[in-house]
Amino acid sequence: MKSSRLVSVFLFVYATILSIGSIICKDSNNLVTNQAALFVFGDSLFDAGNNNYIDTFSRFRANLWPYGQTTFKNPTGRISDGRLIPDFLAEYAWLPLIPPNLQPSNGNNQFTYGVNFASGGAGALVGTFPGMVINLETQLNNFKNVEKSLRSELGESEAKRIFSRAVYLFHIGANDYIYPSLFANSSTSQSNSKENYSGLVIGNITIAIKEVYKIGGRKFGFLNLGAYDCAPASLIIDRTKIGSCFKPLTELMNLHNKKFPNVLRQLEHELSGFRYALHDYHASLSERINNPSKYEFKEGKKACCGTGPLRGINTCGGRVLGPAQGYELCENVTDYLFFDSFHLTEKAHRQIAELIWSGPSNVTGPYNLKTLFELK
């Protein structure tokens with residue numbers, strides 16, 4: 001019995017050493033990892049704090065309490081009470097938290113694990129909240145700067161290995177449809193039909209995917225657009241129908257979600273080695289909005305933090321009107337699907353991340369992210 005226990009202990013220690021060795025090794029002055037890196041592009045669903053470092057309005061930042069209250073105990077720039085979807089995915093992939101690209105303390109050592117380029121409010125179009133966010137084109141340019149830095153620091157061969165094995169995660173486009181819905185004078189949306197406008201949004205996303213592919217990216221993760229037409233902020237846009245989803249936004253997002261999978265299938269045919277995971281975020285979010293108790297939420301349509309009907313006015317932390325104006329905050333954040341008027345709680349992010357990581361093909365397909373990370 002004692003010898004059996006000793007063998008078990010020895011095997012556990014040996015496996016632990018092998019595991020640590022597979023994660024990190026020192027190569028001269030550079031920290032090199034055998035784990036596949038995670039590079040993140042997108043909007044507030046993924047922004048880990050980049051907007052803290054740009055000149056923008058408070059509505060696009062989450063650097064005020066109670067943001068960050070659950071896990072970090074302080075605001076980090078994540079627009080939630082705690083961790084975001086990429087934070088959980090990094091954990092599942094045995095990676096550290098992926099840092100925001102603009103964080104001043106960053107160095108190439110962190111970049112070998114990946115970088116987060118996402119920006120709250122960002123769109124695929126340059127004209128979406130112009131001058132206030134880091135749009136997709138600029139995020140791509142920032143990625144190219146990181147690429148050059150790593151190639152210079154690590155050498156061509158090692159950098160190539162990192163970029164070819166990495167997973168590239170995208171969630172972008174929702175703000176391109178939200179922006180003209182809020183600002184009817186948006187020139188780009190006014191001069192295009194709904195069909196053409198969605199084509200512009202998806203076209204810019206496609207360009208970004210192809211640019212990453214040219215640099216060496218082969219494994220991509222995507223979320224379609226969530227049911228933001230039914231978020232607390234959208235439910236109060238039409239004051240004559242409080243609680244009803246905002247139909248103009250519904251039509252645009254449904255059109256996008258119908259066309260985007262076809263584009264990915266086409267890219268799979270065009271680009272050798274292109275592999276992707278597409279999570280049906282619209283379905284998973286709609287399910288939780290409409291059936292909150294099934295997913296252990298008490299509130300699916302009312303925000304935890306904000307003011308007004310359904311706390312749908314985005315005053316959480318004083319982001320819009322200033323701290324002096326005040327805001328309401330729920331007692332138990334785990335009861336809520338939405339933390340503020342548009343953004344989810346950490347609990348919701350964990351549930352969605354689990355579906356992206358290991359969900360079946362009808363939820364995340366044709367691959368899930370776990371499979372992509374395992375692909376050599």
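The disulfide of C305 and C316 is right-handed, because the torsion about its S-S bond is about 100°. A disulfide here is a pair of cysteine sulfur atoms within 2.5 Å; the sulfur atoms of C305 and C316 lie 2.0 Å apart. C305 sits in strand β7 and C316 in the loop between β7 and β8, so the bond ties together parts 11 residues apart in sequence. Helices (H or I, at least four residues) and strands (E, at least two) are DSSP runs, numbered from the N terminus. C305 and C316 are both buried. Buried means under 20% relative accessible area, exposed over 50%, and partly exposed in between (1.4 Å probe, protein chains only).

The model is predicted: local features need pLDDT of at least 70, side-chain atom pairs count only at pLDDT 80 or more, and totals for chains, interfaces and linings use all residues. Residues are numbered from 1 along each chain as its sequence is written, and side-chain values use heavy atoms, with hydrogens and water left out.

The count comes to three disulfides. C304 bonds to C330, S to S 2.0 Å. This link is left-handed, with -80° about the S-S bond. C304 lies in the loop between α11 (281-290) and β7 (305-306), and C330 in the loop between β8 (328-329) and α12 (346-358), 26 residues apart. C304 is buried at 0% relative accessible area, and C330 is buried at 10%.

C230 pairs with C245, their sulfur atoms 2.0 Å apart. The link of C230 and C245 is right-handed, at 115°. C230 is buried at 13%, whereas C245 is partly exposed at 33%. With the bonded cysteines numbered in sequence order, the pairing reads 1-2, 3-6, 4-5.
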